[in-house]
Amino acid sequence: MKFDLKAGFQKLAPWFQRRAEYFRPLVDPALPLSSRAVFALKLLGWLVLTFFVLLCLYTLILIPFMPSVKDMGKGKFEKPSVLISVDGKTLATYRRFNREWMPLKKISKHVIEGLIATEDRRFYQHHGIDFYRMAGAMVQTLSGDMQGGSTLTQQLARNLFPEEIGRERSITRKIKETITALKIEHAYSKQEILETYLNTVPFLYNAVGIEMAARTYFDKPAAKLNVLESATLVGMLKGTSYYNPVSNTKRSTERRNVVLAQMVKQGALTDASFNSLKKRPIRLDFERQLEARGPAPHFAEHVRKWLIDWADQNDYNIYEDGLKVYTTIDSRLQAAANQAVQRQTRALQAVADVEWSRSSERLISTSAGVYAGVRPQVAPFRYFWESKDALVSAFIRESAAYRNAVADGEQAEEVLKRLRQDDEFMEKLRQEKTRLEAGFIAFDPLSGDVKAWVGGRDFSADQFDHVARARRQPGSTFKPFVYGAALEKGMEPDARFIDQIVDIPLDNGSVWRPEDMTPPTGRTMTAREGLMYSKNTITAQVMQQVGPKKAADFARRAGIRHSTLEAVPSLALGTSPVSLLEMSTAFGTIASGGYYRVPLMVTRIEDRHGKLLVVFSNKPDRVVSRRTTEELIGMMRGVVNAGTGEAIRTRFGIRADVAGKTGTTQNNTDGWFMLMHPQLVTGAWVGFNDGRVTMRSSYWGQGAHTALPVVGDFFRQALDRRMIDARVQFPRARDALPGSTVWGPVVDWWDRLRGKPDPYAPPPDTQPVPKREPIPDEPDKPSDGTLNEIRRGVNEIEKSIEDVRDLF
C-alpha cells in the first residue's frame, strides 16, 4: 500500500489550525495591546504552573530513592572494624577514610566563625535552603560569574551521600540535594550539622575532616588552630586542589584573605586585626598523616578482601558496623617475623647492590657483613644498569609513563629518549626494579592456624603480597612431593641410584637432561641422600619411576590446589609456579602426619557490642598415609643435619627436631626455604619482583643463603622466647621391613586394632578422623603385581574393619 504524504498533511491541517486558534489573541491586530498583554500573562502563568506541577511530580518520584532520615548520621556513628590477634593486640583498623571524629567543642571557634561567614552566613536562619542566596547566585550566574547557592546543609548532603546525590550540575542533583538537606535540618540540630560537616569534608592527601587537615597542614589538633590557619583551611573548601597551600601558596593566601574579610563583615574579626593578619605569609608544618598499617599489613589486606565478601553476604559493613575480627596471628611471632625479614633482606640488599655495582664477577665474601661495609662506597647496580641496555629499555617501555605518553600520540622512540634523560624517572625505576623482596609465613600444622604473615619488606613501598598472590617457581622445595609419591608407590628411602646424567625423552620428541651445579660423581647414592643434597640427577631418576602425574597428584593432595601444575618431567625440579601459602600448606600436611588443613586466619567475628556472630574452623582431611609422611620427615631431617640446609644447625644453632628443604631456581631468580617443626611450619621466599633481575653470584643466589637465613633468624627468636617447645619431636618412622611403604598401612591397621592412638590425629571430641582412602591400584609394571595384590588385601581388610566399626 502506497502512502500519500500530501494527503496525510491535508488530514492533519485542521488539527493544527484548531490549536493555532488558542494563540491567535497574541497576534490579532484587532485586539488592543492591553488585551494581548493580559492574555500573554495568563499564558505565562499557565506555563509556570504546569512546570511547577511537573516539578512537584518529579520530586515526589525521587523521594523514595533518597537516603532515609535513619541514614543521616552514618558518618558520625560509623565505627570501623578491628582485626585482633590471638593474644588480644590490634593488628589493623578498617576505616573508610583517614579520619578522626572530633566533637564541635574540640574544634577551634575560628574555624566555625570563618566557615559560617564564608560559606553560609544565614546558616542559623534558614531551614536547609537559603532562597536569598539562591536567587543571588542565579543573578550572578546569568551575568557570567558562575556562583553556587548551596548552603552548608546542602554541601553536607553531597558529602554524606555522594553516590545517591551525585556531583554533576543538573536539576535532578539540585532536587536530590534539596530534599536531603530538608531531611537533615528536620532530623538534626544546627550544632550537629556543623559537627558532621567539619568531620566529613575532604582536604587532600587522604585527610578527611578538620582534625586530620589540622594535623596534615599544621601538625596540631583542630582545637589549637589560630585565625590564620583556620582561614586557610576554610578557604580550601571552595576548591581543595586550586587553593592547596602546599602547591599553590599565592592563590591560597588570596583565598585566606577573602575568608578573613568575610569574618570582618560578620563581626568575627576587627578591621585592625584583618589589616595586620592579611599581610602575613602562610606558615605550614606539612606532614602526610599515614594510616596506621599495623604489624601485619599484607595479612590485614588479605583478610579485608575476604571480610568484605562475608560482610556483604551477611548484611554488615566493615567500615561502619564496628566488627571485631579475631585472627590466628600471634603478635609476638609476627614481631619476630617482621624483624627477621627486615634484618636479613637488608643484608641481602647490600650484597646485591655491591655485586651488581662492579664489572668483576669475583665473589667478595661469604659474609653479608662485608658487603654492608662496602655498600656506602659504591653506586648500587651501576654495572647492571650500564651493561644491560636492552633490558633497561624494556623496563622503560613497560612503565606507565611510557605507555601513557605513547597513547597520547608521542613517537615511541622520542618517548624512550626523553625518559632516559629524565634523571628522576630513571632513579625511581632503578629503585623499583632493584629492590629485593621477600615473603614469609608461619603456621601451626596441627590446627592450620596462621601465626605470622609477612607479605613484603615495606607495605608503603610495595603492597603486592608475596605470600598469597605471588606465583614463583619453587625449585628444589618441590622435590619432597616427588619423593613422597615414590614412597607411596613402594620406593624405599634407602633405594639406590647412580649419580649420573640421564636423558629423559619428552612427548615432543626432545630430550630433558637435568644437571647439577657440580659434575656427577658416578657413585651410588640413596634416595635419602639425593634429597639431602638436592641432587637433580637422582630426583630425575625418581621422577622417571613415579611419573609426573603421580608427583603432581601428591602435591595437589598435600596443598597446592590453586596453582596449575604441569605434569611434565621437569616438574621434579619445581618448574610450575606456586604461591608461598600453598607451599607452606603442603609442607604442613607432611608435618601433621598426612592431614590436609585449609589455612585458618579468622577464628570468630563479633559485633560492636561483643555478640558472637560466627565461628570458623577447618576440618582435617587425611590425604597421605602417616607412614609416608614419617619417611619424608626422616629424609628431610638429613637436609638440615648434613645437607643443603645445615646452616639451620651450624649458623643459627637450632637443636630442635626440625626438617626442611632448600630451593633455588634457574639463574638464581628465586630462593626458597621450608622448615618443619611439630608445632610450627615456616616458609620463606626471597627474590626480585621482576624475574629478569637476580642475585649475581651462584653462592648468594642459593635459597640456602637468601631464604634460609630469614627462617633461621625467626626460628631462633621463637625458640629463645619459648614461643615453641624445643623438646617436642616428630613421631619417628618404625624400623622398616623390606617393602615398608607397602607394609606401612598394615602396621597402621594393626596399631588401630590394638587401640594405639595416632599422634597426628585431631582431638576426637572436636573433629572426627576421616576414613582412610583406599590405596590406589597401580599395575604400571609387571613386577608390581605382588605389591598390588598386597595392597588390594589391605584395602579389603580396612573396609571390613570400617564395616565392623559402623555396626557399633
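This is a predicted model: local features need pLDDT of at least 70, side-chain atom pairs count only at pLDDT 80 or more; totals for chains, interfaces and linings use all residues.
Figure 1. A search of the whole structure finds 20 aromatic pairs. One of them joins Phe478 and Phe481, whose ring centres are 5.1 Å apart. Their planes meet at 80 degrees, so the pair counts as edge-to-face. Phe478 and Phe481 are both buried.

**Figure 2. The Tyr699 and Trp700 pair.** Here the ring centres lie 5.2 Å apart. The planes stand at 85 degrees, so this pair is also edge-to-face. Tyr699 is partly exposed, with a relative accessible area of 26%. Trp700 is buried, at 5%.

**Figure 3. An aromatic cluster.** Six residues make up one cluster: Trp356, Phe381, Phe384, Trp385, Phe395 and Phe688.

**Figure 4. Arginines over tyrosine rings.** Arg604 sits over the face of Tyr326, 3.7 Å from the ring centre. Arg622 lies over the face of Tyr595, and its distance from that ring centre is 4.3 Å.

**Figure 5. Strand 14 and its partner, strand 15.** Strand 14 spans residues 659–664. Five of its six residues are buried, so the strand is largely enclosed by the rest of the structure. Strand 15 covers residues 670–677 and runs antiparallel to strand 14. Six bridges join the two. Lys661 stands opposite Met674 of strand 15.

**Figure 6. The hairpin of strand 14 and strand 15.** Five residues lie between the strands. In this hairpin, Asn667 takes a positive phi, near 65 degrees.

Note on methods:
Residues are numbered from 1 along each chain as its sequence is written. Side-chain values use heavy atoms; hydrogens and water are left out. Buried means under 20% relative accessible area, exposed over 50%, partly exposed in between (1.4 Å probe, protein chains only). Helices (H or I, at least four residues) and strands (E, at least two) are DSSP runs, numbered from the N terminus. Two strands pair if DSSP finds at least two bridges between them. Rings of Phe, Tyr and Trp (its six-membered ring) pair if their centres lie within 6.5 Å; planes under 30 degrees apart count as stacked, over 60 as edge-to-face and the rest as tilted. A charge sits over a ring if NZ of Lys or CZ of Arg is within 6 Å of the ring centre and within 35 degrees of the ring normal.
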